[in-house]
Amino acid sequence: MPLRAKVASSVSRTAAALSRAAGRGDGSVIGGWLGLKIDPDLLAHLSAGRAIALVSGTNGKTTTTRLAAAAVGVLGRVATNSFGANMPTGHTSALAKAGSTPYAVLEVDEHYLAQVIEATEPHVVALLNLSRDQLDRAKEVAMMAQLWRAALIRHPDIRIVANADDPMVVWAATPPASHDQRIVPPHVTWFSAGQRWHDDSWVCPECGSTIQRSGEQWWCTGCPLRRPDPQWTVDDEGVVDPTGAWYKVKLQLPGKVNVGNAATALALAAEFGVRPFDAVPRLADVTSVAGRYAQVVRDGRTVRLLLAKNPASWLEAFDMADEAPTLLSINARDPDGLDTSWLFDVDFAPLRGRQVLITGDRAYDLAVRLDVNDVPFQHVRTFDEAIQAVPPGRLEVIANYTAFQDIRAELDRVN
Amino acid sequence: MSTETLRIVWIYPDLLSTYGDRGNMLILARRARQRGFPIEVLEVRSDQALPTTADIYLIGGGEDGPQALGAQRLLADGGLHRAVAQGSVVFGVCAGYQLLGTSFFAKGTQYRGLELLDLSSDRGETRAVGELAGDIDARLGVPPLTGFENHGGRTRLGPEVSPLARVTAGIGNDGATEGAWRGKLLGTYSHGPALARNPALADLLLRWATGAQQLPPLDDTWADRLRAERRAAVAAAARP
């Protein structure tokens, strides 16, 4: 590593440690920010000599990264940005902090995937899904798929692990047909992790025709784009690998969604030569991910935290949550997106029959939504009020980003 | 109403449903049902023919490509023009508002609109993103508009339409006026589920569709609280 990079890396580690010691944060961003100021190529320098996997998509990337890091851990030490700091500053911090490791598994914000591919020259990239998320500042879904595709075309040597169930992802992972012999098609391994949210992929990104669906199959009515046959699938609480072997996957994380994330993690690890047989037991050790799924007992209530940031992830949260009293909390601060209209893209009907409490800066937006949805609810001003309003037992908490962080702070920064 | 049943059509949700546009359909349906109107709600995709006998048509927001495609298909279909000629109500939001006019810009190209409203839209220099508020045309008898806008368009109104509102916060058409209406056609830049924050506007559309002079009041406690909270937030943001 060049001297400048060594200095930058050391400053980065020190700043992160100071930030943690001062109680100002978990140090997962500040260190990288300082390091990159000193050496703009620091991320590339820190990546050199490591076999790297990137994980990107709208939803599930933090959890999948955690599971994939556990799976790749079969082979040796793995650097990872496990606090969800998923932009280049976070990657820089994570690699600097980890020191020299043979492997790294990095979660990447979907807007930064092209840039991080350039800097880290990964061995494999996992593409999970693309759906609407904070449209008041994020790129539109079709545009994001186009950016991914352009980045992957420039790096045909990267292996891709991609979700066969999401038309936008399949299109991004498949380069345009070309008669130019010099263009090598990428090596793609397809997995099926399901797609609950279809409302961003009714129109074919290739030709603009309608996409039809039947069961798990989908196909474009105007061009050859269709669901590829997945090599990795989820079946009956387990994962089926490309040889057809079935592995029971026992997780501490709730919901079918996370079995899908486990399948993705196993497919990614297999690109490094990890056998599912060796990796599956390690997945069961993952308990919570940056506070997500964490359980805390407070006044006789077992509180579980679920993060839901956009319509697709709300549907997933309903799948994960138990039939128990449920607190919903909504903010619309900068990191959440300022616009709450997506609440009407979510069908809250699965909550009927549960005791529902609402809170957060934008609880009234949620109140109007639930009213139209015929879901009875009670508005509470504070987290403590919510605790007191439910009987002893489980309380599920589903919150969007800053609302989630607020409640996590109440529960003493659980991890 | 054309029949005993109030028929609501949501036009092309496969193309024009970017952010919560479904909300307008759900809110109209619920408010009609609560007043005892039998209702029928139909979602018509862009590869289907548009029925011409519905009472209310809703068009939502969308990205540039789907907006252009939606306008082309509606022009080719012709059903909406026939429905309007028969007196149907149309409510257009954002991209759906623009395409009711004579022309709009998408992907750097000018497209022909449906020419149902005398207005035309082009690109502004900046994107309008944020809270939108305004005082609604007094003839409509509706309290102030509150909403959220997210669009890159600027819209010029012709003499045959009236502005829906005078802007008090945000941009709307051009920073001075917001939305437009003529007869039973109404459009707004207040995007997504605009009727969630403006239940009186929903009732205006229902009165137009049913011919009722008045509708029984409903319990709008939560919508009223939401409106008051948004009004306070806009006022707080405007203070120096």
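# Briefing on a predicted two-chain model

C204(A) lies in the loop of chain A that runs between β6 (187-191) and β7 (211-214). Chain A is divided into domain 1 (3-283) and domain 2 (295-410), while chain B holds seven helices and 11 strands.

**The annotated cysteines of chain A**

- According to the UniProt record, an unreviewed entry, the annotation "binding site" covers C204(A), C207(A), C220(A) and C223(A). These four residues span 20 residues in sequence, yet no two of their C-alpha atoms are more than 8.6 Å apart, so they gather at one spot.
- C204(A) counts as buried because 21 C-beta neighbours fall inside 10 Å, where the cut-off for a buried residue is 20 or more.
- Leaving aside neighbours within four places in sequence, C204(A) is in contact with two of the other annotated cysteines, C220(A) and C223(A), and also with S209(A), I211(A), G222(A) and L225(A).
- C220(A), for its part, is placed in strand β8 (residues 217-220) of chain A, and C220(A) is buried, with 20 other C-beta atoms within 10 Å.
- Not counting residues up to four places away in sequence, C220(A) touches C204(A) and C207(A), together with E206(A), S209(A), I211(A), L225(A) and R226(A).

**Helix α6 of chain A**

- Within helix α6 (residues 113-120) of chain A, the buried residues are L113(A), V116(A), I117(A), A119(A) and T120(A). An α-helix has 3.6 residues a turn, so residues three or four places apart point the same way.
- The cover over the buried residues of α6(A) includes the helices α3 (42-47), α5 (88-98) and α7 (141-153) as well as the strands β1 (51-56), β3 (103-108) and β4 (124-127), which belong to chain A.
- After α6(A) comes E121(A), whose phi is positive, near 45°.

**The two domains of chain A**

- Taken over C-alpha atoms, the centres of domain 1 and domain 2 of chain A are separated by 28 Å.
- Contact between these domains involves 15 residues of domain 1 of chain A and 13 residues of domain 2 of chain A. On the domain 1 side of this contact, the residues divide into three nonpolar, five polar and seven charged.

**The largest nonpolar core**

- The largest nonpolar core has 203 residues, and those with the most contacts inside it are A68(A), A71(A), V72(A), L266(A), A269(A) and L283(A) from chain A and L205(B) from chain B.
- Helix α9 (residues 255-270) of chain A gives this core its largest share, nine residues, and the core also draws at least three residues from each of domain 1 (3-283) and domain 2 (295-410) of chain A.
- L205(B), one of the residues with the most contacts inside the core, touches L28(B), I56(B), V89(B) and F91(B), not counting residues up to four places away in sequence.

**Chain B as a whole**

- The radius of gyration of chain B is 17 Å, close to the 18 Å that the globule rule gives for 240 residues, so chain B is as compact as a globular protein of that length.
- Along its principal axes, the C-alpha trace of chain B spans about 55 × 45 × 30 Å, and 52% of the 240 residues of chain B count as buried.
- Among the contacts in chain B with a separation of 6 or more, 70% are accounted for by residues 24 or more positions apart.

**Two positions in the strands of chain B**

- L145(B) is placed in strand β8 (residues 145-157) of chain B, and L145(B) is buried, with 29 other C-beta atoms within 10 Å.
- Not counting residues up to four places away in sequence, L145(B) touches A133(B), G134(B), I136(B), A165(B), E178(B), S190(B) and N198(B). The C-alpha atoms of L145(B) and R227(B), which are 82 residues apart along the chain, are separated by 9.2 Å.
- R127(B) is found in strand β7 (residues 119-136) of chain B, and the UniProt record, an unreviewed entry, covers R127(B) with the annotation "binding site". R127(B) is partly exposed, with 15 other C-beta atoms within 10 Å.

**Contact between the chains**

- Between the chains, 29 residues of chain B are in contact with 22 residues of chain A. On the chain B side, α1 (22-34), α2 (64-77), β7, β8 and α7 (221-238) each supply at least two residues.
- The residues of this side of chain B divide into 13 nonpolar, nine polar and seven charged.

Note on methods. Residues are numbered from 1 along each chain as its sequence is written. Chains are lettered from A and ligands numbered from 1 in the order in which they are written. This is a predicted model: local features need pLDDT of at least 70, side-chain atom pairs count only at pLDDT 80 or more; totals for chains, interfaces and linings use all residues. Helices (H or I, at least four residues) and strands (E, at least two) are DSSP runs, numbered from the N terminus. A residue is buried if 20 or more other C-beta atoms lie within 10 Å of its own, exposed if 12 or fewer, and partly exposed in between; C-beta atoms are placed from the backbone. Two residues are in contact if their C-beta atoms, placed from the backbone, lie within 7 Å. A nonpolar core is a set of buried Ala, Val, Leu, Ile, Met, Phe, Trp, Tyr and Cys residues joined through C-beta atoms within 7 Å. Domain bounds come from an automatic or database domain assignment. UniProt positions are given in the numbering used here, feature names are shortened, and annotations may be inferred rather than shown by experiment. The radius of gyration is taken over C-alpha atoms; the globule rule is 2.2 Å times the number of residues to the power 0.38. Ala, Val, Leu, Ile, Met, Phe, Trp, Tyr, Cys and Pro count as nonpolar, Asp, Glu, Lys and Arg as charged, and the others, Gly among them, as polar.
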